[in-house]
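Please examine the structure shown below, with attention to the place where its chains meet. The explanation that follows leads through that interface step by step.

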There are 2 protein chains.
Amino acid sequence: MLHALIMAGGGGTRFWPRSRRTRPKQFLTLAGERTLLQLAAERVESQVAPEQTWIFTSADHRDEVVRQLPNVPPEQVIGEPTPRDTAPCVALAAALVAKHDPEAVLLVMPADHMIEPAQEFRRIVHAAAGLALEHPDALITFGIRPTWPSTGYGYIHRGEPLPGRQGLSAYRVQAFREKPDETTAQQYLDSGEYYWNAGVFIGKASAFLDQFAAHEPEMRAGVGRIADAWDTPRRDIALVEEFPTLRKISFDFAVMEKCPHVLVLAAAYQWDDVGSWLAVERLHPHDADGNTVLARHVGIKTGNCVIVGDPETVIATLGVKNLVIVQDDDCILVADKSREGEVKLLVEELKRRGLEEQL
Amino acid sequence: MLHALIMAGGGGTRFWPRSRRTRPKQFLTLAGERTLLQLAAERVESQVAPEQTWIFTSADHRDEVVRQLPNVPPEQVIGEPTPRDTAPCVALAAALVAKHDPEAVLLVMPADHMIEPAQEFRRIVHAAAGLALEHPDALITFGIRPTWPSTGYGYIHRGEPLPGRQGLSAYRVQAFREKPDETTAQQYLDSGEYYWNAGVFIGKASAFLDQFAAHEPEMRAGVGRIADAWDTPRRDIALVEEFPTLRKISFDFAVMEKCPHVLVLAAAYQWDDVGSWLAVERLHPHDADGNTVLARHVGIKTGNCVIVGDPETVIATLGVKNLVIVQDDDCILVADKSREGEVKLLVEELKRRGLEEQL
């Protein structure tokens, strides 16, 4: 049986002012009318039953997830008492899945990336699930073919191809590589042997648990204790007591980079990690002046701007270009596009200034 | 007796979004905690009794004037049924003043200019009132010594000096000059013989009326009929019936430029016509980065910007310079400073787009 873990624990600030503590990126409609979380859940709902869909989020955001995903049973939505990065989340999901279905295959995916078309994603998930059953001790990751020498993503160096996979490019993984410098990124791109690591993993739940046992034995034991308590009245106590003691570390660092048997499938879908306001430009059409407008906007001599606002607010621009202008409720951001990655500095400054309500 | 006419009929759009149809510039606090109208009224209140202070505004804004100037008797606040520019307003004020006080001197001033220090303004008003009594057929205007070759103001060409005025530079006026081109403006500046026409006039009420009789006889007759009805139950009817029939023309064009006996007093005060958002820069201190901030602002790498907003709204800026950013209620303006004079084009576009609520 295929299970899915949708990781919705992010608390990012790069979409301030639209993202706030109470509304991180995965809960925003940055690419259409559905939130990124809703799009992620819809992406797999034809392949994974709601009862096999697990959403991990922070305890603060659990109600929002339940609200946004009415088809997913609330008991499948797990609120992490404290943020522990992705490894504990994957470990616990694998333990819960394996408890009732030892032969289960687990798909792990972020809640806040854009993937188009969803159909191509499902095709690869389907193939990967088959591959996971053939290689019951392997973890499989999806690799995105780089289109430019990004220094912002991690890379996967592929090794020898798996023989005889129809319509599927599958390889053993030689190595995971951290975010490279520009020269190295260009070499990766030129070699054709590297993929972007887009944070999607699939494997037998037992394979995930074996790898945690090998590389993070305490974490494996901890999530085992939570899983043991799961169908008892002690569930919530076990979660609150054990989860915060688990090592705070990413799944890539804790497990993937150490796992001896990793495969990569080349994913042919369009992928965007929706990393900042500039993603809005990539995910929406421009007007004739190069403006991407998700707002009630009146512009004169305005070009190459990203303009986002509430439907009730009029944003008027005059003689400006290359700006990101975002209004949300009682906050306005006006940033030069080239500086737009520094929005987090603004959020830190808001914090320093005690503007708690706007965070 | 000195009377004052404060002309508060402007409906300008250059301070959008803070100025709207319901809140033109004179009702805004652009230079401190008091509105421009309140500052204008305070400027003369030690010299002119409230019962001798007349405020003309549009009928729509009459209640706002009464609210902002609680010391002025409401019957002194006159709502013009339709906008007729400044000449009918000056003519009617002169007629009303002269009716009860034939020897009255009338000071005419705009409600929406900044003058500092008010004390210097009062000193010149005092001197001018004396001059008006000595020259009972003259109209006197205040001239501002130009500090740069503005092509946006009208100029006054001074003639021979009046003899023996202690502490006062008084001249006969040779000519009024329309807004000049740049070369001409530079010549005016270099000659030292020109002043900016700042729209302040003083003279005996009877002198004003005589000039209207000479150059605008129909207007003189029309305001006479309104004045005749003023202390009768027919006041409102006469105003509504007669005022809209008066010729729509500025006082400068209708009278001043034709008047044979005009004097100019050099006014040594600081003057600003508060013509656009850039005036906010002149009227308020800058921070170390050259930003003029009348808002709850958080900025990183932000320079030479004018930032104005409601106290509840956070305006955050990142990597931007030379912008005018104004938030007001449900509207936001982001304009390059160099284009800032074109705000009226934006307002026209709002009108065209049917965004009536934001006008």
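**The interface of chain B and chain A**

The side chains of B:K301 and A:E342 form a salt bridge, with an N to O distance of 2.8 Å. The model is a predicted one, and this distance is computed from its atoms. Across the interface of chain B and chain A, two salt bridges are found by the rule applied. Polar contacts join 16 residue pairs across this interface, both residues of each pair being at pLDDT 80 or more.

On the side of chain B that touches chain A, at least two residues come from each of the strands β13 (296–300), β15 (314–318), β16 (323–328) and β17 (331–336), and likewise from the helix α11 (343–352). The element giving the most to this side is β17(B), with six residues. By residue class, the side of chain B that touches chain A comprises 20 nonpolar, six polar and 10 charged residues.

Strand pairing also crosses from one chain to the other. Strand β15 of chain A, residues 314–318, runs parallel to β17(B), and five bridges join the two. Within this pairing, A:A316 has B:L333 in β17(B) as its bridge partner.

The extent of the contact may now be considered. Chain B contributes 36 residues to the contact, and chain A contributes 36 residues. Between them, the two chains bury an area of about 3000 Å², and carbon and sulfur atoms give 68% of that area. Of the area that chain B buries against chain A, 23% is supplied by B:L318, B:I332 and B:V334, more than by any other three residues.

Definitions and conventions:
Residues are numbered from 1 along each chain as its sequence is written. Chains are lettered from A and ligands numbered from 1 in the order in which they are written. This is a predicted model: local features need pLDDT of at least 70, side-chain atom pairs count only at pLDDT 80 or more; totals for chains, interfaces and linings use all residues. Side-chain values use heavy atoms; hydrogens and water are left out. Contact means heavy atoms within 4.5 Å. Buried area is the accessible area (1.4 Å probe) that two parts lose on being put together, summed over both. A salt bridge is a side-chain nitrogen of Lys or Arg within 4 Å of a carboxyl oxygen of Asp or Glu. A polar contact is a pair of N or O atoms within 3.5 Å; within protein, one must be able to donate a hydrogen and the other to accept it, and residues adjacent in sequence count only if both atoms are side-chain atoms. Helices (H or I, at least four residues) and strands (E, at least two) are DSSP runs, numbered from the N terminus. Ala, Val, Leu, Ile, Met, Phe, Trp, Tyr, Cys and Pro count as nonpolar, Asp, Glu, Lys and Arg as charged, and the others, Gly among them, as polar. Two strands pair if DSSP finds at least two bridges between them.
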